[in-house]
Amino acid sequence: MTKLTHLDASGEANMVDVSEKDITSRTAIAEGCVVMQPETLALIRQGDAKKGDVLGTARLAGIMASKRTHELIPLCHPLLISKVKVDCTLDDNLPGVRVTAEVKVSGQTGVEMEALTAVSIACLTIYDMVKAADKGMRIENVRLRMKSGGRSGDYQVP
């Protein structure tokens with residue numbers, strides 16, 4: 001079993017020391033979705049949500065959240081992120097919105113948490129903006145799809 005890197009020898013939580021790690025290019029992609037009633041999806045598609053541009057606001061919220069991950073998750077390092085891309089795609093088959101986030105950095109630690117935070121906050125923003133129309137929405141399947149770079153190498157969901 002892999003040793004947990006945030007625990008010291010006595011089992012106490014600590015920030016990982018990355019000072020000796022090489023600076024490498026690192027990327028992470030995460031995804032999630034907001035499942036809703038077809039009528040709620042139609043409101044978003046038509047641009048008729050009372051709070052305004054649902055998808056545009058969710059994209060911005062996800063980007064902003066990724067840059068503040070270290071303020072939200074106690075042991076995350078503050079990073080100089082080089083790219084954040086958040087996509088919100090309407091999906092009639094859910095029905096709902098699929099959210100993906102890609103985050104890149106050249107640094108000593110990965111950006112998985114930043115990608116997951118971007119997706120989570122974008123999904124929560126979608127929920128907030130249309131909750132008056134559909135309180136039964138569900139945020140589902142928030143997960144890491146891919147990461148590259150760093151000592152642990154590449155990871156891709158099969």
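Contact means heavy atoms within 4.5 Å. The model is predicted: local features need pLDDT of at least 70 and side-chain atom pairs pLDDT 80 or more, while totals for chains, interfaces and linings use all residues. Residues are numbered from 1 along each chain as its sequence is written, and side-chain values use heavy atoms, leaving out hydrogens and water.

**View 1. Thr 27 in strand β1 (residues 24–35).** Strands are DSSP runs of E with at least two residues, and helices are runs of H or I with at least four, numbered from the N terminus. Thr 27 is buried, with a relative accessible area of 11%; buried means under 20% (1.4 Å probe, protein chains only). Leaving aside residues up to four places away in sequence, Thr 27 touches Glu 102, Val 103, Lys 104, Val 111, Met 146, Lys 147 and Ser 148.

**View 2. Helix α2 (residues 54–67).** The 14 residues of α2 reach 20 Å from first C-alpha to last, close to the 20 Å expected, which is 1.5 Å times one less than the number of residues. Buried residues of α2 include Val 54, Leu 55 and Gly 56. The buried residues of α2 pack against α1 (38–46), α3 (69–72), β2 (83–91), β3 (96–107) and α4 (112–130).

**View 3. The contact of α2 with α4.** The axes, lines fitted to C-alpha atoms over the stretch in contact, come within 7 Å and cross at roughly 145°; angles run from 0 to 180 degrees between N-to-C directions. Among the residues making the contact are Ala 58 and Ala 61 of α2 and Ile 121 and Ala 122 of α4.

Definitions and conventions: Buried < 20%, exposed > 50% of the residue type's maximum accessible area, 1.4 Å probe, protein only.
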